[in-house]
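Welcome, and thanks for taking a look at this one. Here is a short briefing to read alongside the sequence and the coordinates.

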Amino acid sequence: MSTAAQSVSATYDTVLRRNPGELEFHQAAKEVLDSLAPVVERHPEYLDAAILERICEPERQIIFRVPWVDDAGRVQLNRGFRVQYNSALGPYKGGLRFHPSVRLGTIKFLGFEQIFKNALTGLPIGGGKGGSDFDPKGKSDAEVMRFCQSFMTELHRHIGAETDVPAGDIGVGGREIGYLFGQYKRLGNRYESGVLTGKSPAWGGSLARTEATGYGTVIFAREMLATRNASFDGARVIVSGSGNVAIYAIEKVQQFGGTVVAVSDSSGYVYDPDGIDLDLLKQIKEIERGRIADYVVRRGGRAELRTTGKVWDVAREPGGVKVALPCATQNELDEADVRSLIAGGCLAVAEGANMPCTPAAVNLLHESDILFAPGKAANAGGVATSALEMQQNASRDTWTFEHTADRLEQIMINVHSQCKETAEEYGAPGNYVLGANIAGFVRVADAMLALGVI
Ligand code: NDP
C-alpha cells in the first residue's frame, strides 16, 4: 500500500475509533476518504499538515437540552445539536433538521458532507449542520413555535452572520425559520437578518431560495444528460419524497419537458402515469400540510397509492424510467432498487437528498452505464442560494427572481463542470463522486494549509 493509501486508511480507522456507533457518519467519511488517496499522493503537504485527520474532526460540537410545553400543558423534552464542522472558507453554513431519527451521528454526517458541498459552490462558506429529534409532524403551530423559541434560546449564543448561519432541512421550512428568527431577534434586540437563511422574502429572505435545491438538482442532471446528448424532453422521471426538494425538482423537470410519474412520503408512494398535478401537490403539502394519500383522493382516480414496495418499483412499469431523483432522505435507494432502474432503462440518477443511495447502490450505478450525481454536487443549489441570500442581507438589497435564478443556474453549471473535469484530470472520466470529493476537498485543504495549524 502506498503512503497516501496508508494515511487514508489510518484516518478512517481514527474516525471509527473516535465516533463509535455513528454509522451514517462512518458511511459519509468513507465515501469521501475513498476518493482521496490520489490527491494526497500528488500533494504530500496535505499529509504533513494532517489535513485528512483535521478535516474529519469537527471544530466544535454543541449538544443542548430543549424543554418546551405542549398544548395540554405537559413539559416535553428534546435534544438539540449544532456541529460547527469547518470554517476554513467562511462562516459555518448548513441547515437544521427536525426529525425523530436525528442523533449526533446524523448531524455529523450531514455537516461533513456540507464542507465539500459548500466548497464546490465556489462561495465563501464553511460547513456545519444542526437539528433536533423533535418531530414537527402532528404538532400545532403553537407547539412548533414554543419548541423553536426554546431551541433558539440556547442556540443563539453560538451563531451569527459572521460565525454560523443555519437554514432549513427536513422538518424545517419557512414556518420554523420564522419562529427561530423571531426569537433570535428578540434575544439580541438586533435585526441581524444574515444569521439565518431560508427566510420569507417578505422579511429578508431571497427569492428563488425555496425553489433552489430542487431546481439546482435538475439543472445538474440536465448538464449530465447533455454529456450523452440526452435531455429531459419527453422523459419519464421518478422523484422520491414530496417535501421542499421534491416539489421544486418536479417543477423544473416539467419546465424541461419531462413527466414525473411518481412521488412518495414515509407512508408509501403514488403512481400517477399521466404525470403529477403539481398545483394539487403544492396545495396539499405546502398549504394544508397534508399527505400524499390526500393527493390520491383528490386526484379523482387517476393516481394510485401504494403502501408496499418502494417508489423505485415504478421503473418496472410499462414505459420504464429515464431519470431518478431521490429527494427524501439518506439510504432510501439500495442495490435492488438500482436493478429496477436498470431494468426500466434509466439513464441518470441525481441525488436531491443527502446520501440517499447506499454504498452498494452507488457501486452498482458505477458498474452500470447510469450517470450518477452525488448529493454534495447535485443538491448544492440550496446552500448556494442561501449564500446569495447572505449577500443580499449584507448589502441590504433584494434581487429579482430572475437574477437569483440565473446566478443559481450558472453556479450549478460550474459545479457540474468542476466535477466532470476533476474526474477526468484524475483518470476517472464520468465518475462524479470522485470529481466532487476531490474538487471540494482541494479547495478546503488549500485554505486550511494557508490558515496554519488551528
Ligand atoms: P422536507 O421535510 O420538506 O421533506 C422531506 C420528504 O422526505 C418528505 O416527503 C418526507 O416524508 C420524506 N422523508 C423524510 N424522512 C423520511 C424517512 N425516514 N423515510 C421516508 N421518507 C422520508 O425536507 P427537504 O425536502 O428539505 O429535504 C429532503 C432531503 O434533501 C434531505 O436529505 C435534505 O438533507 C436534503 N437537502 C435539502 C435542502 C433544502 O434546501 N431543503 C438542501 C440540500 C439537501 P414524510 O413527510 O412522510 O416524513
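The largest nonpolar core holds 59 residues, and Phe-220, Val-237, Tyr-295 and Leu-325 have the most contacts inside it. Helix α9, residues 209–226, gives the most to this core, with eight residues. Because domain 2 (60–190) and domain 3 (210–369) both give residues to this core, it lies between them. Please keep in mind that this is a predicted model. The points below are grouped by topic.

**The second largest pocket**

- The volume of the second largest pocket is about 440 Å³.
- Its lining counts 23 residues, and those that lie nearest the centre of the pocket are Glu-31, Asp-34, Pro-359, Val-362 and Val-433.
- By residue class, the lining of the second largest pocket has nine nonpolar, eight polar and six charged members.

**The enclosed space**

- How many cavities of 30 Å³ or more does a search of the whole structure find? The search finds one.
- The largest cavity has a volume of about 50 Å³.
- The lining of the largest cavity divides into two nonpolar, three polar and three charged residues.

**Cysteines**

- How many disulfides does the structure hold? The count is zero.
- Cys-346 is in no disulfide, and its nearest cysteine sulfur, that of Cys-357, is 10 Å away. For comparison, a disulfide is counted when the two sulfur atoms are within 2.5 Å.
- Is Cys-346 buried or exposed? With a relative accessible area of 8%, Cys-346 is buried, because buried means under 20%.
- Cys-148 also counts as buried, with a relative accessibility of 0%.

**Loop residues with a positive phi**

- Ala-50 is not a glycine, yet it has a positive phi of about 50 degrees.
- The place of Ala-50 is the loop between α4 (44–48) and α5, and Ala-50 is partly exposed, with a relative accessible area of 33%.
- Asn-331 is likewise not a glycine and has a positive phi of about 55 degrees.
- The loop that holds Asn-331 runs between β10 (323–326) and α13 (335–343).
- Asn-331 is partly exposed, as its relative accessible area is 30%.

**A buried loop residue**

- Val-172 sits in the loop between β5 (164–167) and α8 (174–188).
- Why does Val-172 count as buried? Its relative accessibility is 6%, and the cut-off for buried is under 20%.
- Val-172 and Val-338 are 166 residues apart along the chain, and their C-alpha atoms are separated by 30 Å.

Notes. Residues numbered from 1 in each chain as written. Predicted model: local features only at pLDDT ≥ 70, side-chain atom pairs only at ≥ 80, totals over all residues. Heavy atoms only, no water. Buried < 20%, exposed > 50% of the residue type's maximum accessible area, 1.4 Å probe, protein only. 1 Å grid on protein atoms, 1.4 Å probe; cavity = no way out; pocket = protein on both sides within 12 Å on 5 of 7 lines; lining within 4 Å. Points joined across faces, edges and corners; volume = space filled by probe spheres on them. Nonpolar A, V, L, I, M, F, W, Y, C, P; charged D, E, K, R; others polar. Core = buried A, V, L, I, M, F, W, Y, C linked by side-chain atoms within 4.5 Å. Helix = DSSP H or I, 4+ residues; strand = E, 2+ residues; numbered from the N terminus. Domains from an automatic or database assignment.
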